[in-house]
Amino acid sequence: MERKVRYVKKVNHVKLYVTAVTSLLYSILGILYVPVLLMVLCNVVDYITGLWAAGSRQDGGISSYRSMRGIIKKVTMWLLVIVGAIIDQLLLYACQVMGYQIHLTFLVACIVAVWIICNELISILENMVDIGIGLPGFLMPLVCNLKNSIDNIDIAEISKNEKS
């Protein structure tokens, strides 16, 4: 009985910690919370599937250089979202100085995060093919079309529609 009580207390501490961390992240990131969470999840899944697929590729297996290069690439992807957030803040400031009121927070950062998620999904699917897993025929074209749609987004048009 006492063991069960200690277990429940530990579980409650873990729940408390997870809730506190996710609440803090959500309060900091706001609308960026879900795209950033999905981006990090895709980064981890891509890294893992890349390691699994490395043995199936002709260029060899796993190397510490390629592994470190992959981690650096993932971190710089996160920096792209930060650059998008900085651009968002500059646009918001410029609009306020000119007397315009816009309600789009973290628009560029969200678009960058979704673009990165699409790239990661494409990479994950390619890794799965290299591992030998068959994909449904619609899946890769669907993700590629989504990425192409994001590439062709006109932010000025979105802002114009927001004012209407």
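Q: Is D151 buried, exposed or partly exposed?
A: Buried means under 20% relative accessible area, exposed over 50%, and partly exposed in between (1.4 Å probe, protein chains only). D151 has a relative accessible area of 44%, so D151 is partly exposed. K147, at 16% relative accessibility, counts as buried. One heads-up: this is a predicted model, where local features need pLDDT of at least 70 and side-chain atom pairs count only at pLDDT 80 or more, while totals for chains, interfaces and linings use all residues. Residues are numbered from 1 along each chain as its sequence is written, and side-chain values use heavy atoms, leaving out hydrogens and water.

Q: How many salt bridges does the structure hold?
A: Side chains of opposite charge can pair when their charged atoms come close. The rule here is a side-chain nitrogen of Lys or Arg within 4 Å of a carboxyl oxygen of Asp or Glu, and the structure holds 3 such salt bridges. One of them joins K147 and D151, with the closest N and O atoms 3.2 Å apart. These two sit 4 residues apart in helix α5 (residues 139–151), so about one helical turn separates them. Helices here are DSSP runs (H or I, at least four residues), numbered from the N terminus.
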